[in-house]
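Thanks for coming. I will go through one structure this morning, so please have a look at it before I start.

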Amino acid sequence: MTATDGRSSDAVPGRPARGESAAGPPGQEPPGAGASRAAGAGEAAARLLEVRAVGKTFGGVIALRDVSMRVCPGEVTCVLGDNGAGKSTLIKILSGMHAPDSGEYLVDGAPAAFTSPRDALDRGIATVYQDLAMVPLMSVWRNFFLGSEPVLGRGPLRRFDVAGAKRVVREKLRSMGIDIRDVDQPMGTLSGGERQSVAIARAVHFGARVLILDEPTSALGVKQAGVVLRYIAQARDRGLGVVFITHNPHHAYPIGDRFLLLNRGASLGEYGKGDVTREELTSLMAGGAELEQLAHELSRGEPPG
Ligand SMILES: Nc1ncnc2c1ncn2[C@@H]1O[C@H](COP(=O)(O)OP(=O)(O)OP(=O)(O)O)[C@@H](O)[C@H]1O
Ligand SMILES: [Mg+2]
């Protein structure tokens, strides 16, 4: 098990990247890698986002220190860590909500300094927050277009293109395999997994290149979490770079290409899928020694013989 440095140009073993733009120059694929696998200089060029040694403090609290990670097209990067590990702080930096106090933030290989989430969105970096910023009493189609309503006509004749909006939503949901019976139904009547799925479809529709998901599966049961994981895979297969934040190694492992582990604001390393097993990931996440200690404390001991 070896951690990969976000800055190195190592070819992390794993599934080939799916996005067209992930492809390196022809004829430069490493042996054994998939046809569109980028490597070396090619991989560096294909990075949608990268942070290098970023840090953030709030007053006296060091929320994040010296953390590096990258996001590539057609890949899922999982950010794992316990409560207070710094996961949300990291994604707030990626999504333009916080400026880092130290380190570098690169978008498409060039330094970026966002002053708001709008700046990040304009560069195709969309964040789906756990509370989703959706209106439960409004219909699915209205929520889909919230803030970006399609219009017909000009001047005083300008009006909301209701039929067009509904058609687009139906088509988009269907194209991602999302089965919502009626786009007129209130958002609040959908299950948690369906709501997350609609938010993912919406980000894809509005041209996201990077999709950041803050704990989309944490409140969901096994089946619903599976539904959301499928749509994450769909977004990945369309070539988006996905950042998937979770507490749960069992959700992260099947879908992740790369795993960044955070512990009390510091990185425990960035691992490629071939570098770490599910068990190692779980043990790193939980602090293996702490878990063993806990198991020892909770055990009843051997019954007297
Ligand atoms: N705006 C803030 N002001 C002060 N401290 C903050 C702020 N945001 C985060 N912190 C602190 O930074 C640390 C990391 O918090 P963060 O929210 O990034 O953790 P997290 O990994 O997302 O945790 P959780 O799993 O509970 O969501 C915590 O100690 C938190 O109290
Ligand atoms: Mg958080």
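In α6, the residues G192, G193, Q196, S197, I200 and V204 meet Q224, V227, V228, Y231 and A235 of α7, where contact means C-beta atoms, placed from the backbone, within 7 Å. By class, this contact of α6 with α7 has six nonpolar, five polar and no charged residues. For the classes, Ala, Val, Leu, Ile, Met, Phe, Trp, Tyr, Cys and Pro count as nonpolar, Asp, Glu, Lys and Arg as charged, and the others, Gly among them, as polar.

The model is predicted: local features need pLDDT of at least 70 and side-chain atom pairs pLDDT 80 or more, while totals for chains, interfaces and linings use all residues. Residues are numbered from 1 along each chain as its sequence is written, with chains lettered from A and ligands numbered from 1 in the order in which they are written.

Helices (H or I, at least four residues) and strands (E, at least two) are DSSP runs, numbered from the N terminus. Helix α6 covers residues 192-205 and α7 residues 222-237; they pack at an angle of about 10 degrees with axes 8 Å apart. Axes are lines fitted to C-alpha atoms over the stretch in contact, and angles run from 0 to 180 degrees between N-to-C directions. The two helices are therefore roughly parallel, the word for angles under 35 degrees.

Next, the strands. β1, residues 49-58, pairs with β2 in the antiparallel sense over seven bridges; pairing takes at least two DSSP bridges. E50 has R70 in β2 as its bridge partner.

Finally, α2 gives three residues, the largest share, to the shell around ligand 1.

Technical notes: Parallel < 35°, antiparallel > 145°, perpendicular 65-115°, else oblique. Contact = placed C-beta atoms within 7 Å.
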